[in-house]
Amino acid sequence: MADREQPVTLRTRKFIRNPLLGRKQMVVDVLHPNRANVSKDELRTKLGELYRANKESVSCFGFRTQYGGGKSTGFALIYDSPEALKKFEPHYRLVRYGVATKVEKASRQQRKQRKNRAKTVRGTAKTKGAAKDKKK
């Protein structure tokens with residue numbers, strides 16, 4: 001299906017200029033009849049064109065499609081500069097937009113097990129042998 005050719009209408013409301021965070025923030029209503037929903041990437045492009053901003057400085061999130069379809073409502077932030085985006089936007093959203101890289105860390109269960117193993121060891125051995133089990 002040619003979903004991307006279907007017309008999409010954007011309406012913004014509750015528009016606020018936030019100079020302290022260097023951004024414009026608004027609620028976005030997306031009208032998309034004959035279409036399941038609209039990708040956030042496409043919304044970022046359209047909002048960038050609408051407000052004469054770069055796509056990289058637009059952040060969209062929290063979109064919910066109304067029951068019955070055809071209309072979605074969410075939130076958008078348009079930053080004045082990419083530096084402001086990197087400074088104020090949460091890291092997980094920066095990862096989503098490809099601006100930052102995800103921090104790889106051990107699973108939650110492994111971190112808890114390592115912490116509990118380290119509790120049984122005394123002194124400097126905690127940093128050296130946290131992975132080793134104490135022999136009894």
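Guide: Among contacts (heavy atoms within 4.5 Å) in the chain between residues at least 6 apart in sequence, 47% join residues at least 24 apart. The model is predicted, so to speak of local features requires pLDDT of at least 70 and side-chain atom pairs count only at pLDDT 80 or more, whereas totals for chains, interfaces and linings use all residues. Residues are numbered from 1 along each chain as its sequence is written, and side-chain values use heavy atoms, with hydrogens and water left out.

The chain has 5 helices and 4 strands, taken as DSSP runs numbered from the N terminus (helices H or I, at least four residues; strands E, at least two). From the N terminus on, their order is β-β-α-β-β-α-α-α-α. The 4 strands form an open antiparallel sheet in the order S1-S2-S4-S3, where pairing requires at least two DSSP bridges between two strands. Strand S1 (9–18) and strand S3 (58–65) each have a single partner strand, so at these edges one side of each is left without a neighbour in the sheet. From one strand to the next, the twist averages 20°. S3 pairs with strand S4 (residues 71–79) over 6 bridges in the antiparallel sense, and Cys 60 stands opposite Ala 76 in S4.

Helix H1 (residues 40–50) lies across S1, strand S2 (23–31), S3 and S4, and runs at about 125° to S3; axes are lines fitted to C-alpha atoms, for helices over the stretch in contact, with angles from 0 to 180 degrees between N-to-C directions.

Buried residues (under 20% relative accessible area, 1.4 Å probe, protein chains only) make up 29% of the 136 residues in the chain. A nonpolar core is a set of buried Ala, Val, Leu, Ile, Met, Phe, Trp, Tyr and Cys residues joined through side-chain atoms within 4.5 Å. The largest has 12 residues, including Val 8, Leu 10, Val 28, Leu 43, Leu 47, Cys 60, Ala 76 and Ile 78. S2, H1, S3 and S4 each supply at least two residues of this core, and S2 gives the most, with 3 residues. Leaving aside residues up to four places away in sequence, Val 28 touches Leu 10, Arg 11, Thr 12, Leu 47, Phe 63, Ser 72, Thr 73, Gly 74 and Ala 76.

Technical notes
Buried < 20%, exposed > 50% of the residue type's maximum accessible area, 1.4 Å probe, protein only.
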